[in-house]
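Student: I am new to this structure and would like to study it with you. May we go through it by question and answer?

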Amino acid sequence: MIKNFDKLIQQENITKLTKEQLIYILEKGTNIWSNLGIELFEMIQKWGKEKIKAIPDEIDEITKSETLSKMIKEFILKININSIEDEALKKVQKFGFLPDIFLVGIEHLRIQRIEQQKKLEKIQQEKNQELQKIQQTIQEKDQTIQEKDQKIEKIKSEHELQKPFTQSTIIEKIKFMKKLKQWISDDEFFNKMKIGFSAKNYGFSAQTFHSKTDNKGKTLIIIKTTDNYIFGGFTKVGFKSSYSSGSYISDKDAFIFSLENSKKPPQKFPIKNGSEGNAIHYNTSYGPVFGGGHDFYLGSNLQPGYSNFGHAYQLPQGINYNTNESKSYLAGSYSNWQVSEVECYFI
């Protein structure tokens, strides 16, 4: 067995090989020939020319050339063309002295490889398309799951929002609940608060109002008129029986609000700077009173009421105090309105 095929080539020792050795190398040395391409055939030609030199000089050149061609063709047919790379095949086809059967074999192999490559590309394309379908299905399922999760979270969130208002006849819209939670900005209070007074259930009486709402701390008051205006106020301090009747109570965090208003969307109105001392008015003969003017007031029977909005609480932008627009903003008019329900919430 001949070893070190690569050294024979590198050292240009191929011309020293015998015919049998060269045939052996051509048949067994495919790991070397696979990348050589045309160089392989040039080496065979070189070997053949070297051997032709041994032919006597009296033999004419044509005979020598025919002998060389025959010799090269014999060796070439020993080569396993399957071991030759594609790029090398292109070069080999341009080489002279190649038998027709060898050329046909090379062309067939080249076409076969092209068709095989096309099949592989088609298979890969089909796999990619299938993979894309699978990925799309997974994405659609993930999206469906995500949408379901979002719906569940929305339902849970809305359920939590609705808890304090399950007995309310005023607050039925989710958007109003969201606004109130945002404005109060106290999740613990909002989640725990419950309706503690309803004029429809307990009666339109200032005395009953105070018996139910005094000494409760943080208090949310919501008022609805017969014309479907909804407004109210929030106080952190709340109403206390220890207050002197007729006194004003300071609360820097108090605010009033409008939820249902034919003129404007829901809006919160904080206490004005310097008016914190007149945030709420405590009087056992009155219902809920916010502001020192008063910004809104309910009488002994929680009727009639009036609104001098803007005295202690900030007005909407563009509206001036002590105008018909400011006085009618919360309830539709200054005093020509009737209360259909009053609800108070606390813990």
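Student: Which residue of strand 11 is the bridge partner of Ile-223?

Tutor: This is a predicted model. Strand 2, residues 219-225, pairs with strand 11, residues 339-346, in the antiparallel sense over six bridges. Within strand 11, the bridge partner of Ile-223 is Val-342.

Student: What is the order of the strands in the open sheet?

Tutor: The open sheet has six strands with antiparallel pairing. Its edge strands, each pairing on one side only, are strand 1 (194-198) and strand 6 (267-270). Neighbouring strands are turned by 20 degrees against each other on average, direction ignored. The order is 1-11-2-3-5-6.

Student: What angle does the direction of helix 8 make with that of strand 5?

Tutor: Helix 8, formed by residues 174-184, packs on the sheet. There it touches strand 2, strand 3 (230-235), strand 5 (255-260) and strand 6. The direction of helix 8 and that of strand 5 make an angle of about 165 degrees.

Student: Which residues are buried in helix 8?

Tutor: A residue counts as buried when its relative accessible area is under 20%. In helix 8, the buried residues are Ile-174, Phe-176, Met-177, Leu-180, Trp-183 and Ile-184.

Student: Which residues form one aromatic cluster with Trp-183?

Tutor: The structure holds 20 aromatic pairs. Trp-183, which is buried in helix 8, belongs to an aromatic cluster.

Student: Which strands does helix 11 lie across, and at what angle does helix 11 run to strand 1?

Tutor: Helix 11 consists of residues 206-213. This helix lies across strand 1, strand 2 and strand 11. Its angle to strand 1 is about 160 degrees.

Student: Why does Ser-262 count as exposed?

Tutor: Ser-262 is found in the loop between strand 5 and strand 6. A residue is exposed when its relative accessibility is over 50%. Ser-262 therefore counts as exposed, with a relative accessibility of 65%.

Student: With which side chain does that of Ser-262 make a polar contact of 2.8 Å?

Tutor: Ser-262 and Leu-330 are 68 residues apart in sequence and 9.7 Å apart in space, C-alpha to C-alpha. The polar contact of 2.8 Å, however, joins the side chain of Ser-262 to that of Tyr-229.

Student: Over which ring does the charged end of Lys-272 sit?

Tutor: One lysine, Lys-327, lies over the face of Tyr-334, at 5.2 Å from the ring centre. The charged end of Lys-272 is 5.6 Å from the centre of its ring, which belongs to Tyr-321.

Definitions and conventions: Residues numbered from 1 in each chain as written. Predicted model: local features only at pLDDT ≥ 70, side-chain atom pairs only at ≥ 80, totals over all residues. Heavy atoms only, no water. Pairing = 2+ DSSP bridges. Helix = DSSP H or I, 4+ residues; strand = E, 2+ residues; numbered from the N terminus. Axes fitted to C-alpha atoms, helices over the stretch in contact; angles between N-to-C directions. Contact = heavy atoms within 4.5 Å. Buried < 20%, exposed > 50% of the residue type's maximum accessible area, 1.4 Å probe, protein only. Phe/Tyr/Trp six-rings, centres within 6.5 Å; stacked < 30°, edge-to-face > 60°. Lys NZ or Arg CZ within 6 Å of the ring centre and 35° of its normal. Polar contact = N/O pair within 3.5 Å; in protein donor to acceptor, adjacent residues only side chain to side chain.
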